[in-house]
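Thanks for asking me to look this one over. Here are my notes, in the form of numbered points you can check against the coordinates.

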Amino acid sequence: MDIELQHIHKHFGPVHANNDISLSFRGGRIVGILGENGAGKSTLMKILSGFQPMDGGEIRINGARAAYTGPQAAIRHGIGMLQQDPLDVAAFTVLENFIYGQAGGLTLKRREGRARLEQICRRFGFSLEADTPIAQLSIGQRQQLEIVRLLSQGVKTLILDEPTTGISAEQKTILFNALRDLAARDGMCILLVSHKLEDVIALCDEVAVLRGGRLVGTRDMPATTGELVAMMFGQELPPQTRQPLNLEGAETVLALENLTLRGKRVIVENLSLRVRAGEIVGLAGLDGSGQEMLLRACVGLLKPVSGRVIVGGETLTGAPYRTFLARVVAFGAAGRLEEGLVAGLTLTEHIALVTETGALVDWSRARCHTQERLRQYNVRGRPESRVETLSGGNQQRLLMALMPACPLLMALEQPTRGLDVDSARWIWQQLLARRANGTAILFSSAELDELTAYSDRILVFYAGRIFEIPDASRASVDELGRLIGGHFDGAAGA
Amino acid sequence: MNEELIRTLNSIVASATPLVIASIGETITERAGVVNLSLDGSIILSAMVGFVAALASGSPLVGVLAAMFIGALIALIVAFGGITLRQDQVAVGFVLTLLAADLAQFLGQSYSRIPGPQVLNTSLPLLEQIPVIGPVFFRQSIFVYISYLLVFGAWYWLFRTRPGLAHRAVGERPETAFARGARVNLLRYLYTGLGGALVGLAGAAYSLSVKAGWSTPPSMAGDGWIALAIVIFGGWHPFRVVLGAYLFAGLRVLANIIQRTPDVSIPVVLLNGVPWALMIVTLLLVSGGTVERLVRVLPRPAQKWTRNFLRSDPPAALGTRFEPE
């Protein structure tokens with residue numbers, strides 16, 4: 001099926017999120033929709049899939065004008081969207097979710113539904129069991145279920161919003177194979193919204209790039225990462241170069257001795273680690289392999305079962321988080337809104353939490369501080385707006401603004417998760433500046449490029465086991481990928 | 001079987017019936033994501049109105065309809081406050097429960113303790129012949145038979161029909177329901193009104209049958225709160241809700257019997273507290289990982305049903321607002 005978008009406009013208050021966008025998509029093609037955070041790509045896709053009305057413009061399907069409101073109406077026109085956080089119901093079973101929304105009589109007709117579900121799953125090698133509650137599925141499986149449901153509802157154009165965030169490598173392979181198959185065999189039109197350029201390069205036949213609400217251009221693939229970045233940002237960013245730091249003679253900031261940590265599923269045993277001032281240690285591994293536990297143990301948020309934690313020469317094992325903070329240790333949680341910031345408080349209130357240490361808050365002074373810090377940290381947001389209204393990049397910059405300027409040690413969980421290339425670079429500039437002042441940094445990341453680009457050393461976690469790569473500059477992304485998958489044997493290193 | 005025991009069981013079923021009807025009504029409302037906290041006052045006011053309407057018209061049916069109208073009206077005020085005016089549902093419901101209870105006492109002053117129409121027991125032919133079960137369950141009033149239908153109907157609707165899926169989805173994750181074509185706030189109004197009508201029916205079941213007549217202070221005061229607790233105890237599942245109502249009524253009847261027994265001296269207050277303590281203990285047992293551990297040892301076909309039956313999580317979007325983009 002062919003889709004034509006003509007002169008689409010969408011305003012949010014003063015923001016012109018989509019400004020006169022005209023694009024066309026043909027069946028049988030996989031198209032990447034690229035752009036940095038806030039470029040308008042999600043808005044455009046929500047308009048196409050009926051989640052948001054447009055202010056002006058026209059959608060034509062196979063040449064005929066199509067006017068619809070609501071996602072269900074869009075599905076009737078053959079357009080379905082898979083949200084980043086799949087829109088399902090956690091309390092339902094797989095089968096109930098599959099049936100819900102599909103046409104049919106009063107009763108559920110479970111038997112028919114089950115047969116149809118199994119039939120589509122078999123075709124793509126999806127592993128979905130009809131009676132499992134959604135709450136027990138991984139994000140990857142929930143995505144599979146949404147795709148299966150949309151296909152069963154007769155969707156001919158499938159939009160996917162950041163589908164590879166939070167799913168395993170294996171699930172990604174299955175997903176990509178399914179998408180290629182749908183485009184090639186069924187002539188479906190697949191639209192992939194992503195800021196993971198490697199995914200776009202691997203999958204897409206063409207790309208459309210948005211910037212600041214406008215369409216910058218389209219081009220056929222293949223293209224290199226550099227070319228795509230150039231289109232997204234209007235310039236080609238130079239590859240980040242690592243300044244080699246001389247760590248000889250630098251004092252030890254953090255020492256872990258025979259540390260044993262126990263989590264819900266993973267146990268890390270007998271870990272010893274010394275981190276010197278100015279050193280950056282990257283922690284690699286699949287989610288929940290033990291790296292988060294290590295980060296939390298370093299700042300006193302997780303009590304070790306045994307062993308010692310020494311910060312700045314002082315043994316702090318078992319001391320409360322407050323004591324660690326007093327030694328100027330900073331922690332950044334992956335869940336920005338859940339753990340890092342307080343949803344419901346304004347930016348000024350956040351800054352006041354840090355700067356106003358007395359019993360009474362001097363709001364005019366706090367507002368001054370806020371203005372200053374927002375400028376300094378390049379946070380795009382008004383001091384009086386609530387923190388949850390900020391974009392991910394701005395939330396992360398605000399988190400940086402709340403951390404002490406010159407900490408001894410920073411423990412950061414996925415500091416650039418979900419950020420576009422530009423925001424991620426900005427965060428790293430800040431981190432590298434602190435490192436130059438002698439701050440030691442431990443960070444976890446799911447991005448292999450990020451780990452090899454910035455770490456001095458990398459620790460790879462696999463089910464609580466740890467493999468050390470002493471010189472990260474010599475590690476290749478391939479090697480790192482193998483290690484993360486648990487292939488420790490035969491690898492050189494500790 | 002012992003005549004006395006059968007009579008006791010029969011009276012437990014009868015006295016539990018308004019609780020069953022009210023808590024099924026509240027289950028329907030809360031499954032759609034709206035919490036109607038006005039139950040207690042709502043039951044009292046609709047009991048009074050039901051009695052007075054039946055008295056004035058001479059027809060219990062008119063009384064029942066009037067009571068259901070009052071229940072639905074109060075529930076729709078909660079919905080209007082919570083959905084359209086975007087106020088806190090708990091606050092609106094709480095204020096309404098106080099208001100409705102006082103209003104009932106004020107307006108019903110001149111009808112206190114006067115004789116009026118009553119719905120009498122009608123045995124169901126054939127069914128009443130079944131040993132034990134017949135005399136316990138099928139020699140009752142029409143309200144009791146309606147309550148049986150309501151329990152099965154609510155279960156069938158919620159878990160066996162397509163509109164039932166939408167009903168639950170609206171209470172669990174309205175964004176999803178919206179994406180699949182449901183008119184979320186309209187459905188919430190509908191199920192709040194329907195649940196409220198059943199709460200009104202429960203009021204009529206009191207004043208026209210179980211505690212026939214009207215008196216100030218009202219004899220059913222406090223039962224609305226019990227019905228709210230039974231919904232939680234019942235894990236928002238009709239079958240468990242009905243069990244909870246029977247259990248509660250059973251303990252209450254038992255407390256009465258013990259109280260009347262001359263040589264047992266247990267303080268009344270203690271007896272009255274037992275049902276609540278039992279509820280808390282049960283809630284502790286069925287919440288958290290205990291259920292899942294239990295379910296895993298069962299044979300596979302029984303797992304899903306048991307999990308559904310024992311699940312104690314409230315509807316995820318209970319008491320929240322939804323605004324379509």
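1. A word on confidence to begin with. This is a predicted model, and the predictor gives the complex an ipTM of 0.87 together with a pTM of 0.76. For chain B the average pLDDT is 90, and 97% of the residues score at least 70. Where pLDDT is low, the predicted coordinates should not be read in detail.

2. How does the size of chain A agree with that of a compact globule? For 494 residues such a globule would have a radius of gyration near 23 Å, and chain A comes out at 24 Å, so the two agree. The C-alpha trace of chain A spans about 70 × 55 × 45 Å along its principal axes. Of the 494 residues in chain A, 44% are buried.

3. The fold of chain A holds 17 helices and 20 strands. Taking contacts in chain A between residues at least 6 apart in sequence, 66% join residues at least 24 apart.

4. Chain A is divided into three parts: domain 1 (3-233), domain 2 (238-328 + 405-494) and domain 3 (342-403). The centres of domain 1 and domain 3 of chain A, taken over C-alpha atoms, are 35 Å apart.

5. Now to the place where the chains meet. The contact draws 20 residues from chain A and 16 residues from chain B. On the side of chain B that touches chain A, the elements giving two or more residues are helix H7 (162-172) and helix H8 (174-179) of chain B. H7(B) gives the most to that side, with five residues. By class, the side of chain B that touches chain A has nine charged, four nonpolar and three polar residues.

6. Two cis peptide bonds deserve a look. One runs from A:Met221 to A:Pro222, with omega near 5 degrees; A:Pro222 lies in the loop between strand E10 (214-220) and helix H8 (225-233) of chain A. Another runs from B:Thr216 to B:Pro217, with omega near -5 degrees, and B:Pro217 lies in the loop between helix H9 (184-210) and helix H10 (223-233) of chain B. Most residues other than glycine have a negative phi, and most peptide bonds are trans.

7. Which surroundings go with the positive phi values? A:Val328, not a glycine, has a phi of about 60 degrees and is found in the loop between helix H10 (321-326) and strand E16 (329-332) of chain A. A:Val328 counts as partly exposed because it has 17 C-beta neighbours inside 10 Å. A:Gln414, also not a glycine, has a positive phi of about 40 degrees. Its place is in the loop between strand E17 (409-413) and helix H15 (421-436) of chain A, and with 24 C-beta neighbours inside 10 Å, A:Gln414 counts as buried.

8. Finally, a residue inside chain B. B:Val151 lies in helix H6 (residues 142-160) of chain B, and its 21 C-beta neighbours inside 10 Å are why B:Val151 counts as buried. Leaving aside residues up to four places away in sequence, B:Val151 touches B:Val20, B:Ile24, B:Pro238, B:Phe239 and B:Val242. B:Val151 and B:Val20 are 131 residues apart in sequence, yet 8.1 Å apart in space, C-alpha to C-alpha.

How values were computed. Residues are numbered from 1 along each chain as its sequence is written. Chains are lettered from A and ligands numbered from 1 in the order in which they are written. This is a predicted model: local features need pLDDT of at least 70, side-chain atom pairs count only at pLDDT 80 or more; totals for chains, interfaces and linings use all residues. Helices (H or I, at least four residues) and strands (E, at least two) are DSSP runs, numbered from the N terminus. A residue is buried if 20 or more other C-beta atoms lie within 10 Å of its own, exposed if 12 or fewer, and partly exposed in between; C-beta atoms are placed from the backbone. Domain bounds come from an automatic or database domain assignment. Two residues are in contact if their C-beta atoms, placed from the backbone, lie within 7 Å. Ala, Val, Leu, Ile, Met, Phe, Trp, Tyr, Cys and Pro count as nonpolar, Asp, Glu, Lys and Arg as charged, and the others, Gly among them, as polar. The radius of gyration is taken over C-alpha atoms; the globule rule is 2.2 Å times the number of residues to the power 0.38. pLDDT is the predictor's confidence in each residue, from 0 to 100.
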